[in-house]
Amino acid sequence: MAAVEDIVIAGAGLAGLATALGLHRKGVRSLVLESSATLRASGYAFTTWTNAFRALDALGVGDKIREHHLRYERLVAFSASTGEAAATVSLKMQGKSGPHEIRCVKRNFLLDTLENELPEGTIRYSSKIVAIEEEGNVKILHMADGSIIRANVLVGCDGVNSVVAKWLGLPKPILSGRSATRGLAEYPEGHGFGPEMLQFIGQGFRSGVLPCSDTSVYWNYTWYPSPADGDAEESVAKMRQHVLAKLGATKKIPAEALDVIERSEMSEVVSSPLRFRSPLALVRGSISRGNVCVAGDALHPMTPELGQGGCAALEDGVVLARCLGEAFVGAGNDGGYACVTAALEKFAGERRWRAIRLVTAAYVVGFVQQSSNAAIKFLREKFLSGLLAKLMVDMADYDCGKL
């Protein structure tokens, strides 16, 4: 006999766990299917902007995250050509919807925190959906182990290669032409960096150094791969040397920033091609259909220049839990097909244009920051760096609301 579930969430990433926790806070049970044997914390850490902390506060876990991560006071963007600060932006300013708050949060800490708030048994590991069929209004989920789950609601938070997004007919994400690698360095005696985000831009790459706590520092590096990179993709050691050589060749990157990369732990997946959902696909495509929808990277994969991918996923979770929760426990609602369809359409309407703005802005910022074109380089170093840094802050001045 196939198991029957009211709400099935595919993927135990940020969007999936945020949605599950939001539903739990509203008294609605869900089942999260995670294809891996454990929570996957790929990427080490991510910039958690003001909008993400509003979402985390709505979920009731904001203070638990704050206790373990430094709050930034400023963002400093350096020119990789001159070594000079091209822009400095205060992060202590007041936004339109409240004070700004930016930290770099360890991904595994956040995922563990979200999981620990959920009832035992909410997440089912080693559970991969391989096919989706329909039987009336019920979705028949065929699992990799041969089992079947009947779902009254299906939420795809299953990442950039989403099975659910494919079922909805959303086009595959587009390759940006850029790749990224990253790592995390530990300093048991303290690292000495101040409460600031450091960026190094230009020369065909973009790199960031971001303290997570008093003893750990996250770094990232994005670039346009070329045949000249040689065998950098073959191993962690070769990728590390590739990054150090590229940054070191400028002779403008501070030694303490290079030391972070030198001593850091890196993933065995040495680099990742950066992909994004075409804004046109988001305008035309189906974010939801009937009792099925997508959220997180399954909805809006984006390049990392705004640092908003994970933040937007948390926003999605709060908005989706609010909409779905109303369909199940709101006055006059019974969780039936019509109520769920209306709830998911409301979610799609609220998130579509927010996703389009973030995806578009991230791509444009990345293009300008990493361009080697002489004209763009001149404009970037004379005028655009400050505008781009301010755009990053402005995009985070957003409140997804309460549950």
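Visitor: Why are α1 and α9 called roughly parallel to each other?

Guide: In this predicted model, the axes of helix α1 (residues 14–25) and helix α9 (residues 309–329) cross at roughly 30°. Angles under 35 degrees count as roughly parallel, and therefore α1 and α9 are described as roughly parallel to each other. Their axes come within 8 Å, and the crossing is right-handed.

Visitor: Which residues of α1 meet α9?

Guide: On the side of α1, Leu14, Ala15, Ala18, Thr19, Gly22 and Leu23 take part. Their partners in α9 are Gly310, Ala313, Leu314, Gly317, Leu320, Ala321, Leu324 and Gly325. Sorted by class, the residues of this contact comprise nine nonpolar, five polar and no charged. Gly is counted among the polar residues, and Gly22 of α1 is one of the residues in this contact.

Visitor: What makes α9 roughly antiparallel to α10?

Guide: The angle between α9 and helix α10 (residues 337–370) is about 160°, and their axes lie 8 Å apart. An angle over 145 degrees counts as roughly antiparallel, so α9 is roughly antiparallel to α10. The crossing of α9 and α10 is right-handed.

Visitor: How many charged residues belong to the contact of α9 with α10?

Guide: Seven are charged, beside 13 nonpolar and no polar residues. Glu315, Asp316 and Arg322 are among the residues that α9 contributes, while those of α10 include Lys346, Glu350, Arg351 and Arg354. Asp, Glu, Lys and Arg are the residues that count as charged.

Visitor: At what angle do α2 and α9 pack?

Guide: Helix α2 (residues 50–59) packs against α9 at about 35°, with the axes 8 Å apart. The crossing of α2 past α9 is left-handed. In this contact, α2 supplies Asn51, Ala52, Ala55, Leu56, Ala58 and Leu59, and α9 supplies Cys311, Leu314, Glu315 and Val318. The classes here are eight nonpolar, one polar and one charged.

Visitor: What lines the second largest pocket?

Guide: The lining consists of Val160, Asn161, Ser162, Val163, Ala165, Lys166, Leu170, Pro171, Lys172, Pro173, Arg275 and Arg277. The second largest pocket has a volume of about 220 Å³. Helix α5 (residues 163–168) gives the most to this lining, with three residues.

Visitor: How do you know that the lining of the second largest pocket has four charged residues?

Guide: Lys and Arg count as charged, and the lining includes Lys166, Lys172, Arg275 and Arg277. The division by class is accordingly six nonpolar, two polar and four charged residues.

How values were computed: Residues are numbered from 1 along each chain as its sequence is written. This is a predicted model: local features need pLDDT of at least 70, side-chain atom pairs count only at pLDDT 80 or more; totals for chains, interfaces and linings use all residues. Side-chain values use heavy atoms; hydrogens and water are left out. Axes are lines fitted to C-alpha atoms, for helices over the stretch in contact, and angles run from 0 to 180 degrees between N-to-C directions. Helices (H or I, at least four residues) and strands (E, at least two) are DSSP runs, numbered from the N terminus. Angles under 35 degrees count as roughly parallel, over 145 as roughly antiparallel, 65 to 115 as roughly perpendicular and the rest as oblique. A crossing is left-handed if the near helix is turned anticlockwise from the far one by less than a right angle, and right-handed if clockwise. Contact means heavy atoms within 4.5 Å. On a 1 Å grid over the protein atoms alone, a cavity is a set of points where a 1.4 Å probe fits but cannot get out, and a pocket is an open set with protein on both sides within 12 Å along at least five of seven lines; lining residues have an atom within 4 Å of a point. Grid points are joined across faces, edges and corners, and a volume is the space filled by probe spheres set on the points.
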